[in-house]
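Here is a short briefing for a first look. Keep the sequence and the 3D view at hand.

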Amino acid sequence: MSHAPTFITCSALSFDWPDGTPVLDGFQLAVGPGRTGLIGLNGSGKSTLLKLISGELTPSGGQISVAGTIGYLPQDVTFDTTLRVDEALGIRTARAALHAIEAGEATEANFTAVGDDWDVEERALATLDQLGLAGIGLDRTVGELSGGECVLLRLAALLLARPDVLLLDEPTNNLDLRARRRLYAAVESWSGVMLLVSHDRELLDRVDQIADLRDGEVRWYGGNFTDYEELLAAEQDSAERMVRVAEADVQRQKRELSEAHAKLARRKRYGQKMNDTKREPKIVMGARKRAAQESAGKHRIMHTEKLADARERLDQAVEAVRDDDEIRIELPATQVPPGRRVLTLSNLRLAHGAVAAGEWELRGPERIALVGGNGSGKTTLLRTVAGLLAPESGEALTHVPTRFLPQRLDVLDDDRSVVENVARFAPHATNNLIRARLAHFLFRGARADRAAGTLSGGERFRAALAALLLAEPAPQLLILDEPTNNLDLASVRQLTGALESYEGALLVASHDVPFLESIGITRWLLLDGELRATTAEEVRRSRWHD
């Protein structure tokens with residue numbers, strides 16, 4: 001029987017953070033050909049695993065084996081802004097040598113630099129075009145590109161290098177709808193080995209198999225994310241039925257044990273009565289009493305053991321049912337009456353040129369989605385509204401307490417604990433009150449004492465959201481910039497649940513249309529040079545048209 005080759009193998013892999021916090025312990029993984037989507041809760045170790053496989057981190061123990069070359073796209077793509085595009089693509093030396101040869105400098109050094117890659121420039125331009133970057137050229141500097149364009153540029157460099165194994169960590173973060181379409185196409189056309197970490201459902205629907213990392217182990221599911229959800233739902237239905245069966249068995253064993261105790265008590269009363277009336281010889285009554293006690297003891301032990309076994313089966317059944325906690329909070333202080341003026345934009349011209357001409361108002365508990373391409377100025381507009389950036393002209397006035405959650409989540413002090421961070425925003429709240437409130441954000445007990453710098457992406461987001469929503473005074477306008485970046489699907493559900501409890505006005509910039517639709521957006525605004533009203537239908541259509 002033939003076996004598919006394995007390209008990535010992790011054997012007894014362990015990794016601990018410098019403070020001793022374990023991430024992986026005795027971890028096993030074998031990844032074969034095709035596109036694999038790696039999913040799991042925030043903090044389960046997905047990004048850490050990719051860093052270990054790529055060599056960015058060194059394991060505490062165990063071994064990692066990779067067959068062939070590796071290309072790695074991290075979550076946070078950073079380039080030296082002074083680099084030229086051809087340098088970032090890794091082709092500048094070969095390209096310069098090629099141009100020199102064409103100019104008549106047929107030296108051995110130039111031929112060596114080109115090697116067999118005579119079409120390097122054409123391939124580079126074709127790859128940039130494939131990813132929607134045809135207009136940037138090869139001679140511009142990276143500093144002239146937007147964040148989303150830098151992500152695609154890094155992916156272009158990887159595609160040009162043709163690695164045997166491609167590792168992608170949340171590649172759609174910071175990409176607008178058009179750029180996401182380009183990336184989806186690149187993933188679909190990839191014929192090598194790919195290990196992909198993402199919370200993007202549409203991207204995960206383009207993989208061949210799902211690897212679910214949970215409690216330090218991987219479970220495999222054939223097919224894409226939709227197939228995985230259907231299989232998981234069937235598994236959970238079965239697990240919940242097993243819980244009900246096990247619960248019924250525990251109750252039955254409890255009744256039988258109670259009946260055994262009652263039967264023993266009746267026997268004791270009968271024996272005492274016989275002893276009191278002296279109806280049988282003493283030796284016979286003694287033998288009967290010993291036999292009854294021995295039988296009753298065995299009966300009791302048997303039922304006690306059966307009850308213990310039933311409880312163990314119940315515990316196992318309960319463990320099989322997933323319990324991805326949800327954020328449950330009440331935020332009455334954030335309430336904004338209908339019609340109350342919350343935000344006014346007046347003839348606003350942003351620092352980077354985009355404009356909001358005329359008067360724009362946000363009233364009452366409106367929920368506004370701000371959409372637009374990479375580099376259109378969405379973050380600039382949000383920072384201007386939040387008072388962090390001055391406009392070129394015009395004004396942005398907020399009329400209620402406002403809080404802004406930026407993409408970088410830099411509202412947290414990494415050296416302080418979660419409790420201490422929240423206390424900075426609510427200085428009059430007692431420690432006990434803060435801890436009670438944090439429990440609703442899933443920071444219970446010792447979790448609330450962890451330093452912000454040690455939190456995973458999803459945990460850090462929850463801590464930052466808690467700090468803002470529990471702030472004094474309570475925010476009646478909450479501004480969120482790409483809030484689902486770096487969040488797993490369970491964390492996105494938690495965020496949606498938290499925003500359901502929020503009673504103020506929302507202004508959210510995001511490329512994640514399913515998320516925006518899930519939080520009850522009441523008005524859609526498009527920023528594309530100028531601010532204008534749009535619709536959800538128009539936004540959805542824009543995903544498939546250049």
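This is a predicted model: local features need pLDDT of at least 70, side-chain atom pairs count only at pLDDT 80 or more; totals for chains, interfaces and linings use all residues.

Residues are numbered from 1 along each chain as its sequence is written, and side-chain values use heavy atoms, without hydrogens and water.

**Salt bridges**

- The structure holds 20 salt bridges (a side-chain nitrogen of Lys or Arg within 4 Å of a carboxyl oxygen of Asp or Glu).
- Asp139 pairs with Arg95, with the closest N and O atoms 2.9 Å apart.
- Asp139 sits in the loop between α5 and α6 and Arg95 in helix α3, so the bridge ties together parts 44 residues apart in sequence (helices are DSSP runs of H or I, at least four residues, and strands are runs of E, at least two, numbered from the N terminus).
- Arg95 is buried at 8% relative accessibility, while Asp139 is partly exposed at 47% (buried is under 20% relative accessible area, exposed over 50%, partly exposed in between, with a 1.4 Å probe and protein chains only).
- Arg341 forms a salt bridge with Glu361, at 3.7 Å between the closest N and O atoms.
- Arg341 lies in strand β10 and Glu361 in strand β11, 20 residues apart.

**Helix pair**

- Val418, Val419, Val422 and Ala423 in α12 meet Asn431, Ile434, Arg435 and Leu438 in α13 (contact means heavy atoms within 4.5 Å).
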